[in-house]
Amino acid sequence: MTHDITPITMPKFGLAMTEGKIAGWMVEPGAAIKTGDELVDIETSKITNAFESPVTGTLRRQVAGNGEMLPVGALIGVVADPAVPDTDIDAFITRFQADFAASSDAQSDSAPVDEPVMMTVGDHTLRVHERGEGDGTPLLLIHGFGGDLKNWMLNHAALAHGRRVIAFDLPGHGESSKDVGPGTLAFFADVTAQLLAQLKIRQAHVMGHSLGGGIALTLAHTAPHSVASLVLVAPAGLGPQINMTFINGFIEADRVRAVQDVLKYLVHDKSLIGRRMSDDVLRYKRLDGVQAALRTVADACFPGGHQGDDLRPVLAAVGVPVTVIWGREDEILPVTQADGLSTSVERHILPDIGHMPQLECADKVNGMVEDFMKSKVVAT
Amino acid sequence: MSKKSFRQAINEALRQEMRRDPTVILMGEDVAGGRGGSAGIKDAWGGVLGVTKGLLEEFGDTRVLDTPITEASYIGAAAGAAVTGLRPVAELMFVDFVGCCLDQIMNQAAKFRYMFGGKARTPLVIRAMFGAGFNAAAQHSQALYPLFTHIPGLKVVIPSSPYEAKGLLISAIRDDDPVIFLENKVMYDEEEDVPDEPYAIPFGEANLTREGRDVTIVAFGRMVGLANQAADRLEKKGISCTVIDPRTTSPLDRDTILECVADTGRLVIVDESSPRCNMATDIAAIVAEEAFDTLRAPIRRVVPPHTPVPFATVLETLYLPSVDRIEAAVTATMAHRVVEKV
């Protein structure tokens with residue numbers, strides 16, 4: 001007991017208090033004190049209060065002097081029995097200060113290393129996540145309707161070797177701003193081109209999923225020089241059919257169960273759709289403006305319940321290597337839309353996979369994309 | 001998206017709704033506060049715990065109204081303002097003060113829609129802080145949500161985190177019925193990621209903060225965090241829990257509770273309000289009535305004793321449900337042996 005050293009730290013008088021000033025010590029070092037004795041006046045932005053000793057002992061040190069402003073929890077004094085040697089007190093203070101500094105650093109020094117950032121691109125604020133570095137042609141990932149950059153969570157890091165790989169939230173999606181203009185593929189392709197320019201990327205491999213595939217194709221048409229190759233995962237634009245039960249259900253669902261029911265259309269293995277995923281989708285869908293944005297996109301891209309853009313001519317005319325990846329059990333865009341493409345288009349039809357191959361068989365898709373990009377770099 | 005405290009999340013919800021809708025006004029004791037003090041300071045307080053700070057500056061004193069210390073008058077005025085076209089957010093400070101204005105809430109605001117044959121709307125929000133653990137003694141520490149839940153015509157919201165607080169308060173403000181929005185005063189400094197944009201969380205849908213096989217825990221407000229801590233510990237011992245945060249006690253998401261109990265067969269309810277006629281007894285009754293044959297063990301309640309909230313810190317700590325007590329209740333319900341009928 002006699003060897004106990006008790007730190008006296010800046011108290012927290014109210015919930016809003018983050019720091020306090022030593023307004024005046026009332027006890028000199030060396031004085032004997034009892035629990036409840038007034039030790040020091042502490043001044044906050046609201047009030048000056050006497051701080052009472054939490055222990056009985058001898059005030060051995062005033063670590064903070066009168067007038068000093070310190071954060072809550074910082075060491076202001078030390079109480080111990082007179083028998084405790086000064087060297088022990090010094091060691092205690094050194095250790096406490098080091099620990100305190102380390103813990104406050106840990107809080108403030110959380111420099112985001114591998115985190116998305118918010119970027120202003122034209123009139124839009126986009127959430128952009130860049131990974132990887134190297135001389136390889138960068139890869140841009142474009143998610144689909146209602147999705148966000150997390151749709152690539154099993155691909156993004158895996159593909160980020162020897163090149164920059166950029167995933168982002170389209171306008172109206174994820175954490176990006178919610179204005180979707182006319183909501184057309186051309187609009188999204190234009191924003192994508194602006195993003196590439198801002199990232200100082202002259203040319204990129206572009207991998208698009210679903211609506212993002214349609215955007216990638218449109219980009220290859222409107223800004224052909226910026227596209228090195230296309231990886232199209234169950235892309236929009238290759239046939240009129242689309243599951244409007246999913247589209248409308250996704251836009252309207254505002255409860256976990258309803259969301260869960262529509263998300264099941266996305267995958268072949270329904271057990272993949274858990275409550276956590278539905279919660280994530282709901283967090284997005286609850287944001288002001290999301291429902292209107294999605295409605296605008298659906299009206300622009302799927303007028304009358306069909307895909308309004310026929311991108312087959314674009315695909316036929318595009319001058320860069322293309323690979324198409326499609327799940328045979330796709331319930332959103334039927335796999336038959338991959339039929340009848342030019343023989344120069346590489347085609348991977350995946351058995352027992354739904355609309356999200358990049359999620360349902362990520363390793364396989366990553367391997368295909370890696371091989372495709374490698375072979376194209378050699379070829380060009 | 002950025003880290004925000006419970007206090008900041010509530011402030012942001014108020015600010016964004018006031019920007020969006022000019023009919024949203026604030027009123028209450030010290031929602032600005034400190035007027036007439038030195039150096040021309042206009043809102044030295046911004047609410048007794050700083051929740052409404054900065055709003056007077058942005059919206060002025062026609063929309064941020066400091067009221068006299070007379071709950072009956074300003075809660076009554078807020079109810080009247082709501083019926084006549086504004087969307088007032090009235091702050092009761094400590095929920096314990098409801099004693100002074102219960103008629104305005106119970107007999108007036110809660111009844112307008114019904115008494116006027118559905119023709120009156122009362123888009124009123126009453127914010128108040130509640131709960132023990134703040135060393136504020138018996139008249140400033142009660143958790144009176146069962147009192148409001150008891151009254152038809154009121155909606156009652158108890159947010160369990162900063163994310164929940166912002167989305168539920170925005171829903172409360174946009175709602176056309178009187179909503180009692182209760183903030184546990186111990187939580188104001190708790191932080192988590194909260195979107196910068198406005199968003200609305202619908203009433204009457206429970207949130208599952210985790211899903212498990214063995215025991216369902218239903219908890220309210222700050223108790224949700226404690227229940228999750230207990231569930232973390234229990235997980236290490238091989239007991240997996242579902243934790244349900246009903247979000248609103250009125251309307252109450254009975255379906256989710258009943259479904260989870262059907263899955264796990266065991267129920268523990270954590271409620272920091274006085275134990276007689278509280279949410280724990282209410283939910284226990286619903287489950288006993290609707291899902292009796294899915295239960296594999298008696299329902300257990302983790303609740304305070306039927307006493308005023310003690311002031312002494314050690315007693316106040318003993319009074320409140322704790323992680324230890326939740327863990328013990330779950331362990332006890334797991335230990336219960338099912339006796340087969342002969």
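Predicted model: local features only at pLDDT ≥ 70, side-chain atom pairs only at ≥ 80, totals over all residues.
## Packing of helix 8 in chain A

The residues concerned are Ala293(A), Leu294(A), Val297(A), Ala298(A) and Cys301(A). Viewed down the axis of helix 8 of chain A, these buried residues fall within an arc of 130 degrees, so they line one face of the helix.

Helix 8 of chain A covers residues 290-301, which is 12 residues. From first C-alpha to last, the helix reaches 16 Å, close to the 16 Å expected at 1.5 Å a residue.

## Overall form of chain B

Chain B contains 12 helices and 14 strands. Its C-alpha trace spans about 75 × 45 × 40 Å along the principal axes. The radius of gyration of chain B is 20 Å, which agrees with the value near 20 Å for a compact globule of 342 residues.

Of the 342 residues of chain B, 54% count as buried. Among contacts in chain B with a separation of 6 or more, 77% are between residues 24 or more positions apart.

## Domains of chain B

Chain B is divided into domain 1 (2-194) and domain 2 (207-335). The centres of the two domains, taken over C-alpha atoms, are separated by 27 Å. Their contact takes 25 residues from domain 1 of chain B and 23 residues from domain 2 of chain B.

On the side of domain 1 of chain B that touches domain 2 of chain B, helix 6 (145-149), strand 6 (155-157) and helix 7 (162-174) each supply at least two residues. By class, this side of domain 1 has 15 nonpolar, eight polar and two charged residues.

Terms used
Residues numbered from 1 in each chain as written. Chains lettered and ligands numbered in written order. Helix = DSSP H or I, 4+ residues; strand = E, 2+ residues; numbered from the N terminus. Expected span 1.5 Å × (residues − 1). Buried ≥ 20, exposed ≤ 12 C-beta atoms within 10 Å, placed from the backbone. Arc of directions from axis to C-beta. Rg over C-alpha atoms; globule rule 2.2 N^0.38 Å. Contact = placed C-beta atoms within 7 Å. Domains from an automatic or database assignment. Nonpolar A, V, L, I, M, F, W, Y, C, P; charged D, E, K, R; others polar.
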